Amino acid sequence: MSKHIDLHAHSTASDGTLTPTALLQHAYSKGMKVFALTDHDDTSGLVEADIAASNLGMQLVSGVEISVTWHKQTIHVVGLNIDATNENLQQGLAGLREFRRWRAQEIADRLDKSGIPGAFEAARALASGKSISRTHFAHFLIANGYAKNFKQVFKRYLVNGKPGYVSGNWAELADAVDWIKQAGGQAVIAHPARYRMSLTKLNVLLEDFKAAGGEGLEVVSGSHTLDEVQKMARLAAKYSLYGSRGSDYHGPENVYMEMDRLPAMPSDVIPIWHNWSTATVFN
Ligand code: AMP
Ligand code: MN
Ligand code: MN
Ligand code: MN
């Protein structure tokens, strides 16, 4: 069953390149039945996604991916089955989008000083009215020949120590979990292996996350190797966290892994959807 479930993906409401409708159609074509839209710090794609899911006979899980700063490091916390009309959640997300606006200008100023003009206008146009993410700068830099692919553009320009990097000042971990819980959702640590943390530090993160009321760990992720999936399965068991499964799809140009190529959830993990009512789409 887990092969029909993908709980992490992006649309044009953040840094994905497909509209919510096109994203759901893509997910349908890859065999997905239960699908979460989890845009960065933004829930504005969910209404359209829900309509598209209904038309396709799929179940949309209302989600969000919240940017968090924990011990000076950026961590992503996915919220699943949130009530997107919740005021506390929306206030929190609005603050993060405010930081994104400031940061985008700052990134562009720094790129300008290192000889790359016009980045703000270009990134803003690519974001078409939504929040600007580093991915929009990446698209601009690749299109103008500064790098040949996403991996290279981030490494050269957009990570710590490089000309277009501005350190994050995102939500507190406990606040992000709290907003999700107040909105009736479940909090999940996204793509844990991507943080390149020592095992000791990852244990501290999971202890803090549990203490804050977090419930899930993205055991299966489009950016995890099979070894990392096994490692995260062990940590999920150690901390009694449910396992989640998400491709982190951003569109055809920037694929970590296609939805239909994600590994299955290891059988010893309790999936986060174990008590969800998913029956209608599986009958
Ligand atoms: P932001 O939240 O604006 O700082 O942007 C982070 C986003 O950049 C992530 O959600 C990814 O979509 C993308 N990203 C970060 N690192 C890479 C990378 N090495 N390759 C491709 N995309 C990346
Ligand atoms: Mn992204
Ligand atoms: Mn992420
Ligand atoms: Mn993501």
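**Exercise 1.** State how far apart the manganese ion (ligand 3) and the manganese ion (ligand 2) are, and identify which residues coordinate ligand 3.

*Solution.* Step 1: the two ions are 5.6 Å apart in this predicted model, where local features need pLDDT of at least 70, side-chain atom pairs count only at pLDDT 80 or more, and totals for chains, interfaces and linings use all residues. Residues are numbered from 1 along each chain as written, chains are lettered from A and ligands numbered from 1 in the order written, and side-chain values use heavy atoms, without hydrogens and water.

Step 1: Glu65 (OE), His76 (ND1) and His191 (NE2) coordinate ligand 3 at 2.1 to 2.2 Å; donors are N, O and S atoms within 2.8 Å of the metal (3.2 Å for Na, K and Ca), and sites may look incomplete because water is not among the atoms.

Step 2: along the chain, the donors follow the spacing E-x10-H-x114-H. His76 belongs to strand β4 and His191 to the loop between β5 (186-189) and α8 (199-212), so this pair ties together parts 115 residues apart in sequence. Strands are DSSP runs of E, at least two residues, and helices of H or I, at least four, numbered from the N terminus.

**Exercise 2.** Determine whether His76 is buried or exposed, and do likewise for His191.

*Solution.* Step 1: buried means under 20% relative accessible area, exposed over 50%, partly exposed in between (1.4 Å probe, protein chains only).

Step 1: His76, at 16%, is buried; His191, at 2%, is buried too.
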